[in-house]
Amino acid sequence: ELGRRDYVTGMMWKNKGLTLGNTTGFFLCLNGKASNEITWHCKHYKGRGIMKGYANMGEFAKEYGIPLANIEATFKAYNEIADKQTKDPDNGPYEAYGGGKSWDKWGKKFFHNLPLETSDAFHVAIVTPVIHYCMGGMAINDAAESLGAGGKVIGGLYSAGEAAGGIHGNNRLGGNSLLDCVVFGRVSGRSAARYLTAANIKYVESMKAGTAVASKL
């Protein structure tokens, strides 16, 4: 995966893939070395039925009706590109993602767990673009107070997480969604407590002064 989520998703749609109903899917293939790096995850996803293990690429190719020769040719080209990148990382003909040069037309410059071999065991999952996080929401200030027209505070209304917008800018960094929820969830909780405390104090004082009206709380 190279690039921001919007870029990766756009390239997946552009290059199509395996058609599953109305969804475009792509094969995520982990060879033996890659699988061993995330053994727990492989077991977890296999247990949920969204990943499958194969003794070799021949088994996978047979199941999906893909000529094994095509996979062998792809692996051969990939291994050759990785070898060129290792030996000559600064003179590739393509711009590398994140800066520098690459021998890969997609801009990849780091290759791991090689070589890829069809005789190796693989874990395979089908991945597809999905909505799993919403960037938009209520405009808020640093106290998690929701803002209305003209940036005015809407008294007593607080927002956090996916209900709030503007926290991440144009694109969210991976792993920051829970951080956003925890930080602004706590901020909004404190702000709400202050709001309620202040309202209660005002009500008690008005009771003492004999000017109290029906409580809004």
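Predicted model: local features only at pLDDT ≥ 70, side-chain atom pairs only at ≥ 80, totals over all residues.
In which strand is the place of G155?

G155 sits in strand β9, which covers residues 153–158. Is this glycine buried or exposed? Its relative accessible area is 54%, and since over 50% counts as exposed, G155 is exposed. If you look for E145, you will find it ten residues away from G155 in sequence. In space, the C-alpha atoms of G155 and E145 lie 7.6 Å apart.

Now step back to the chain as a whole. The domain assignment gives domain 1 as residues 5–127 and domain 2 as residues 138–209. Taken over C-alpha atoms, the centres of domain 1 and domain 2 are separated by 43 Å.

Next, let us turn to a pair of helices, α4 (residues 57–64) and α5 (residues 68–87). How do they pack? As for handedness, α4 passes α5 in a right-handed crossing.

Which residues meet where α4 and α5 touch? From α4 come M57, G58, F60 and A61, and from α5 come L68, I71 and F75. Sorted by class, this contact of α4 with α5 has six nonpolar residues, one polar residue and no charged ones.

Methods. Residues numbered from 1 in each chain as written. Heavy atoms only, no water. Axes fitted to C-alpha atoms, helices over the stretch in contact; angles between N-to-C directions. Helix = DSSP H or I, 4+ residues; strand = E, 2+ residues; numbered from the N terminus. Left-handed = near helix turned anticlockwise from the far one by under 90°. Contact = heavy atoms within 4.5 Å. Nonpolar A, V, L, I, M, F, W, Y, C, P; charged D, E, K, R; others polar. Buried < 20%, exposed > 50% of the residue type's maximum accessible area, 1.4 Å probe, protein only. Domains from an automatic or database assignment.
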